[in-house]
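Student: I am new to this structure and would like to learn how to read it, one feature at a time. Could you show me where to begin?

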Number of protein chains: 2
Amino acid sequence: MDLKVSPLAPERFPEMPAIAGLRLAVVESGLKYKDRPDLLLAAFALGTTVAGVLTQSTAPGAPVDWCRTHLSAGVARALVVNAGNANVFTGAKGRVAVEAMAAASASAVGCRPAEVMVASTGVIGEPLEHEKITAKIAKLPARFGLDQWELAAKAISTTDTFTKGAHLTADIAGVPVNIVGIAKGSGMIAPDMATMLAFVFTDAKLDASVLQPMLKRNADTTFNSITVDGDTSTSDTLLLFATGKAEPHLTPADHRDPLLRGFEKALHNVLEDLAIQIARDGEGAQKLIQINVTGAASKRAARKIGLAIANSPLVKTAVAGEDANWGRVVMAVGKSGEKADRDAMTVAFGGIEIARDGAQVEGFDEAPVTAHMNGREVLIETDVGVGRGKATVWTCDLTHGYIYINADYRS
Amino acid sequence: MDLKVSPLAPERFPEMPAIAGLRLAVVESGLKYKDRPDLLLAAFALGTTVAGVLTQSTAPGAPVDWCRTHLSAGVARALVVNAGNANVFTGAKGRVAVEAMAAASASAVGCRPAEVMVASTGVIGEPLEHEKITAKIAKLPARFGLDQWELAAKAISTTDTFTKGAHLTADIAGVPVNIVGIAKGSGMIAPDMATMLAFVFTDAKLDASVLQPMLKRNADTTFNSITVDGDTSTSDTLLLFATGKAEPHLTPADHRDPLLRGFEKALHNVLEDLAIQIARDGEGAQKLIQINVTGAASKRAARKIGLAIANSPLVKTAVAGEDANWGRVVMAVGKSGEKADRDAMTVAFGGIEIARDGAQVEGFDEAPVTAHMNGREVLIETDVGVGRGKATVWTCDLTHGYIYINADYRS
């Protein structure tokens, strides 16, 4: 299937710096794809720490099981990722394949298998021919480079119509540190060829006990606040590695240390940037939708309401049809199960209030709303009138393109 | 918009008997539709009891608020339903409109307004011109008949492509009783023009304290086990009326009395029949999908897993594409949040096991599966391997027709 680049794609892949203590290598595994890299090996300096947020699916892939087990130690020396086969629902063979990939990577970089993080994306239910991959891994150290970010982003992609990267510089007590991330995913998309993977790297020196809670809370407001079709991959993986090879900086006391304010903000923005790029690459997407919920009982309630709106096929098709259908937004708020005061609610599209105090605003001017709906980026805001909780969620519209990709196309 | 009759529609509307103690009248209200009835009044004999199951939406329509308040008394003398305007998100005006409809119906049949059940379906967010409706209600008693079921089903419909009715005869301790139901809804569908309404009538003599728990538990396994797009209407209403005008029969001690076994089974089957008819009329539906979940931790867990599969756009588009994509079924089980043993799961399409013990069955014959997928009715079965809970859920496929109706079409 020849997928056109999403009309919501950024103009180009960003220029991103090398991260001290990190080397990257990619290769064609010969597994599925032709004429493009589909196997990535990253090697980390001794002392690199790691944190992770993994799929909540109760039927996760074998690589997710592996990462969950070994993340607890909080250290990593390598990351290996293949695209083309997700190694999911492959039974005992799946575990053998992950172990083989970890062992081969450990040999290649000189560490223990438990220090290797593994991720796979692609077809599910088919045994992974791991011999092909492990043979290639052995040859990767000869190819190590420092800033092959676009190739790395390409190597982890499947149905993505563009490669996704983001980076920022922050400082910790005056010492500059880099944060670089790559991601893949066309939304939560087809488990055939799917999964959201994101890998973020920094040269800051931070303990895993600092990284893990910081990654978790920022994943909630970024990757866990985007949705394409409400489906959850069996393989979703977000990993954050810290090599500690920046200039020496003060050591924070814990994950809430004010020292880390600038770092956390930059981390949040890199994660948000990558997450929105995934929503922009949603299958069939023609419009990016941002949903701001305010006035909810709590932050958690606001996010749940936002996701109920973002996952509503009726809201998503209305946006596809350029219809500022506030009734469907109210319906979605109502089905979220969270507290909302129907008679105090407001709904706005593109900053223009259409409904207030539980009823349509009389005589509102439809022309600027229509102009907003005709654009590529649609803003939906609702205040549900019960508290101070707020959240932002991103999604894309639901178009014939989604049906085409998922129903008409047979792999 | 000219909607074609669903290819999944039954051949014809069933012949259904009159219910002693019940009279029906329909008329054109002049509100929205032309050349078809869109206002129904049902009058019940003194002593008629009522039970109801209403939308769980936290932003329900004014008629739902009214019914919730007055159902607690458990008695009813009239039911009034209009199609074309749902009287939802209409603020204080909405309450005034419901009160006016109840008062006019009460005058027409000679009862108190509190004994009138009210339901509305259609556009939301627009004030209901209730004067047009109340003027017509006053004239309806002259039109009362006994078995105008097809007209009654037509009068409550909106985007339905066919009228929906079902009936069965049961007996209570040897005395025959009738159960007749009508329903409307094209799935949970667009709140523009939407809502699931179902009204069931029996001549059995049963107290509301018997009807209510019986209706609730049977709604869970029927109406609450169908889904088209996972969206919940602000107006969903299921009401059960018992006129008590059958031949005298023994009085059950309570809602679990074995006397009622036959009655409850027939009630369940009428509800299930109507519910499946709604799934058959799902927007854009080309295939009816039945999902049987077994081996779950509980009945409730099984239904939640079933609904996760039924609401997955990826599963629904796979069926539209006639692709027995068991990987997407596994993904949906995983995202349900309910306990499942990935390594003991089975998945079957059309009775043919494709995955067993957490992996694809080796060398299974694809031809009979493909033949099954090409038909109008698709059966998906999964055993999640952790307990004895089971449930059945129905939905339809997700096709270009759904996008066409909800995105391309502007009312």
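Student: At what angle do α8(A) and α9(A) pack, and how far apart are their axes?

Tutor: Two packed helices are described by the angle between their axes and the distance between the axes. In this predicted model, α8(A) and α9(A) pack at about 160 degrees with their axes 9 Å apart, where helices (H or I, at least four residues) and strands (E, at least two) are DSSP runs numbered from the N terminus, and where axes are lines fitted to C-alpha atoms, for helices over the stretch in contact, with angles running from 0 to 180 degrees between N-to-C directions. α8(A) and α9(A) are therefore roughly antiparallel to each other, given that angles under 35 degrees count as roughly parallel, over 145 as roughly antiparallel, 65 to 115 as roughly perpendicular and the rest as oblique.

Student: Which residues make the contact between α8(A) and α9(A)?

Tutor: A:Leu314, A:Val315 and A:Ala318 come from α8(A), while α9(A) gives A:Arg328, A:Val329, A:Met331 and A:Ala332; two residues are in contact if their C-beta atoms, placed from the backbone, lie within 7 Å.

Student: How should I read the numbering and the limits of the model?

Tutor: Residues are numbered from 1 along each chain as its sequence is written, while chains are lettered from A and ligands numbered from 1 in the order in which they are written. Since the model is predicted, local features need pLDDT of at least 70 and side-chain atom pairs count only at pLDDT 80 or more, whereas totals for chains, interfaces and linings use all residues.

Student: How many residues of chain A are in contact with chain B, and which elements give two or more of them?

Tutor: The contact joins 50 residues of chain A to 52 residues of chain B. On the side of chain A, the elements giving two or more residues are α8 (313-320), α9 (326-335), β13 (359-360) and α11 (400-408), and the largest share, 8 residues, comes from α9(A). That side divides into 20 nonpolar, 18 polar and 12 charged residues.

Student: In what order do the strands of the open sheet in chain A run?

Tutor: The 5 strands have the order β3-β9-β8-β7-β6 with mixed pairing, and two strands pair if DSSP finds at least two bridges between them. β3 (49-54) and β6 (164-172) of chain A stand at the edges with a single partner strand each, so one side of each is left without a neighbour in the sheet. β3(A) pairs with β9 (237-242) in the antiparallel sense over 6 bridges, and A:Val50 has A:Phe241 as its bridge partner in β9(A).

Note on methods
Ala, Val, Leu, Ile, Met, Phe, Trp, Tyr, Cys and Pro count as nonpolar, Asp, Glu, Lys and Arg as charged, and the others, Gly among them, as polar.
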